[in-house]
Amino acid sequence: MIIFITMLLSLNLHAQDPHLHRLSTPAYYEKAFGRLENKSNAGQHSWPVNVLSIGHTNASYQNYGSGAPYFHHGLDIRANAGESVLASAAGKVVNIENYMGGPLYWEIAILDDQGFLWQYHHVDRNSMTQEVLSAFKTGARIEAGSKIGEVVKWPITSFGERYHHIHLNILDGQKKFLSPFLFLLPLQDTSVPVINRIGLLKNSRELSGQTVRGEYSIYAEISDLVHHDKFIVPPHSIEIEIDGAAPHVVWLFESLPGGANEEALVDDFYVPSMACGDYSCRRPVIDLGFQFKLPVASGRHKLILKASDFAGNTTVRDFEWNVESF
Ligand SMILES: [Zn+2]
């Protein structure tokens, strides 16, 4: 009886996590051979559903308490439940799988002609079309725009709204998760990212004031919105310029830093003691010093931070601090 209850509890915990990731890399990933630099129709694919809003980007911080934090690694494209999901790219159906158990976690994966793997997650199993099911069996192609299924009804709300969505991942030949924004038609997006605050970090924790000694870093809380007023996502790119030196890109999410490993480096790019990312909390607090050597010379320093979303909306803010010698 106790075992049974424990099983129920753990199933229930799993159901709370929207994008449970696989425990191991599927063998079919070997079929991918795409290279972005050779892609001829990047940015020209139709969206698989009518977009209500973007729920998460590939860079979004995810920490649901059970298991390790991870980068979201694909796009959550929010849509109405029951809406048709259309293949964005033509190709071969290389996988149909329930990757985590339960009715929410069905995947259809299509290998397009240029070698990119498109993973459509959260397709309702009962709605999968005969065409897609038989194409998986026979190896037949399916064309772009073909219906592959419908958006599953998502049982959990987030910020007061149902979270029906298709989670779209795209993998290249090096098994790197790429930003689906690079492949899909441009979305009209006029929301400019907001730099909420910038401050000092000491031992990976927020330091009050603007003076620091010894090793340190700098955090920035930067939020953006895409067609929504509450579903905060991080920026696509961040550039910093320190003490008048040439600008340096410290954050660029065209691909995931860990390739196919969505957990790798997430606690380096983000500040775990300050960031959150679950159904009720979204706070992208980014560590600017992780990939960049911050000045250690004593005296006053100044940085100019430029944050942009994928559509190119950009915001700028500066920050000054003192380094004191011992
Ligand atoms: Zn997702």
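## A four-stranded sheet

Four strands make an open sheet, ordered β16-β15-β18-β23, with antiparallel pairing. Strands here are DSSP runs of type E with at least two residues; helices are H or I runs of at least four, and both are numbered from the N terminus. Two strands pair if DSSP finds at least two bridges between them. The edges are β16 (205–207) and β23 (285–287), and each pairs on one side only. Direction ignored, neighbouring strands of this sheet are turned by 45 degrees against each other on average. Axes for such angles are lines fitted to C-alpha atoms, and angles run from 0 to 180 degrees between N-to-C directions.

This is a predicted model: local features need pLDDT of at least 70, side-chain atom pairs count only at pLDDT 80 or more, and totals for chains, interfaces and linings use all residues. Residue numbers start from 1 along each chain as its sequence is written.

## Pairs around β15

Strand β15 (residues 194–202) pairs with β18 (residues 217–223) over seven bridges, in the antiparallel sense. Gly199 has Tyr219 of β18 as its bridge partner. Leu201 stands opposite Ser217 in β18.

β15 also pairs with β16, antiparallel, over three bridges. Here Leu200 stands opposite Leu207 in β16. β15 and β16 form a hairpin with two residues between them. In the turn, Asn203 has a positive phi of about 50 degrees.

## The largest nonpolar core

A nonpolar core is a set of buried Ala, Val, Leu, Ile, Met, Phe, Trp, Tyr and Cys residues joined through C-beta atoms within 7 Å. Buried means 20 or more other C-beta atoms within 10 Å of a residue's own; exposed means 12 or fewer, and partly exposed lies in between, with C-beta atoms placed from the backbone. The largest core holds 76 residues, and Ile110, Trp118, Ile170 and Ile286 touch the most other members. Strand β7 (residues 106–112) gives the most, with five residues. Domain 1 (21–182) and domain 2 (194–324) each supply at least three residues to this core. These domain bounds come from an automatic or database assignment.

Which residues does Trp118 touch? Leaving out residues up to four places away in sequence, they are Ser88, Ala89, Ala109, Ile110, Asp112, Leu168 and Ile170. Contact means C-beta atoms, placed from the backbone, within 7 Å.

## The whole protein

The protein has three helices and 25 strands. Of its 326 residues, 37% count as buried. Its C-alpha trace spans about 70 × 60 × 35 Å along the principal axes.

Technical notes: Two residues are in contact if their C-beta atoms, placed from the backbone, lie within 7 Å.
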